[in-house]
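Please examine the following structure and consider how its helix packing may be read.

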Amino acid sequence: MKGKVAVVTGAASGIGAATARRLSDAGASVVVVDVDSEGAQKIAAGLPGPALAVGADVSREEDVERYVQAALERFGRIDLHHLNAGITGPFVELPDLGADEFDHVMGVNLRGPFLGLRAAFRHYRERGTGGAIVLTASIASLRGSHDLLAYQTSKHGVLGLLRGAAMYGGPMGVRVNAVAPGLVPTGLFTAAKDASGGGNDMLQRGTTVPLRRTGTPDEIAAVVAFLLSDDAAYVHGEVVSADGGSAIVSTVRP
Ligand code: NAD
């Protein structure tokens with residue numbers, strides 16, 4: 001990763017923060033992007049290598065252009081992207097899901113990575129050399145839940161972005177892959193519990209994890225770092241699950 005410049009979105013906490021740390025440990029310069037600009041500053045300040053924090057909402061075109069510009073001004077190039085920022089949205093059953101709530105989740109989880117991919121590819125096209133991109137999908141990209149429609153729809157959509165971007169990027173030497181985490185206790189976990197009035201016990205959902213435990217942000221970041229590295233030079237358009245085996249288990253409505 002030495003000499004590489006990496007952008008990580010949603011990097012003020014959880015999985016994104018762990019990726020930022022891993023890439024920095026491996027020698028990359030890291031652009032820490034998050035809507036929580038104070039949190040982004042804190043993470044950037046704690047990294048061992050060169051880092052830049054940018055407060056940006058990934059669902060806004062002007063913010064995405066601004067973080068790319070800031071990265072180019074500071075480091076002159078971008079080689080790697082982890083398009084990771086995401087929210088869960090409400091845990092409600094289909095008849096009770098608000099249209100605005102649905103749109104909001106799509107905005108962050110789907111429009112966000114679309115804008116991030118578009119900005120990345122505009123840069124790669126202009127530069128004429130390759131790079132690597134990892135999208136954060138989810139176990140919810142692969143399975144259904146009775147009360148998480150907006151989130152799982154957005155994360156299924158991430159696989160559409162992945163495959164389209166991989167088809168476009170392959171011939172120009174840009175690799176695009178996705179990581180699909182299972183249950184990882186992060187801020188998103190707490191938000192999910194709060195959004196359901198405390199009724200949604202994520203650990204209860206974890207009872208079907210074959211490895212019998214939740215994952216850690218660093219266990220997901222390890223997969224992201226591998227996919228961004230030259231060790232994964234022939235891995236392209238792939239969804240790699242890091243979920244303790246959850247994807248192979250079927251669940252039923254309680
Ligand atoms: P997290 O809440 O700790 O981190 C998400 C980060 O994204 C936060 O720092 C938040 O401020 C930022 N963010 C939210 N909206 C944003 C926006 N509009 N623009 C910029 N930044 C924004 O949660 P996490 O678990 O680390 O989530 C990271 C990714 O992993 C998400 O895409 C999530 O869907 C995915 N994921 C998480 C789990 C899990 O169990 N934690 C499982 C599968 C997938």
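**Reading helices and their contacts**

A: E38 lies in helix 2 (residues 37-45), helices being DSSP runs of H or I with at least four residues, numbered from the N terminus. The model is predicted: local features need pLDDT of at least 70, side-chain atom pairs count only at pLDDT 80 or more, and totals for chains, interfaces and linings use all residues. Residues are numbered from 1 along each chain as its sequence is written.

Q: Is E38 buried or exposed?

A: A residue is buried if 20 or more other C-beta atoms, placed from the backbone, lie within 10 Å of its own, exposed if 12 or fewer, and partly exposed in between. E38 counts as exposed because it has 10 C-beta neighbours inside 10 Å.

Q: How far apart are E38 and S154 in sequence and in space?

A: They are separated by 116 residues in sequence and by 27 Å in space, C-alpha to C-alpha.

Q: What describes two packed helices?

A: The angle between their axes and the distance between the axes describe them. Axes are lines fitted to C-alpha atoms, for helices over the stretch in contact, with angles from 0 to 180 degrees between N-to-C directions. Here the axes of helix 4 and helix 5 (residues 149-169) come within 9 Å and cross at roughly 15°. Helix 4 is therefore roughly parallel to helix 5, a term for angles under 35 degrees.

Q: Which residues of helix 4 and helix 5 make the contact?

A: Contact requires C-beta atoms, placed from the backbone, within 7 Å. Among the residues involved are F102 and L110 of helix 4 and S154 and L161 of helix 5.

How values were computed: Helix = DSSP H or I, 4+ residues; strand = E, 2+ residues; numbered from the N terminus. Parallel < 35°, antiparallel > 145°, perpendicular 65-115°, else oblique. Contact = placed C-beta atoms within 7 Å.
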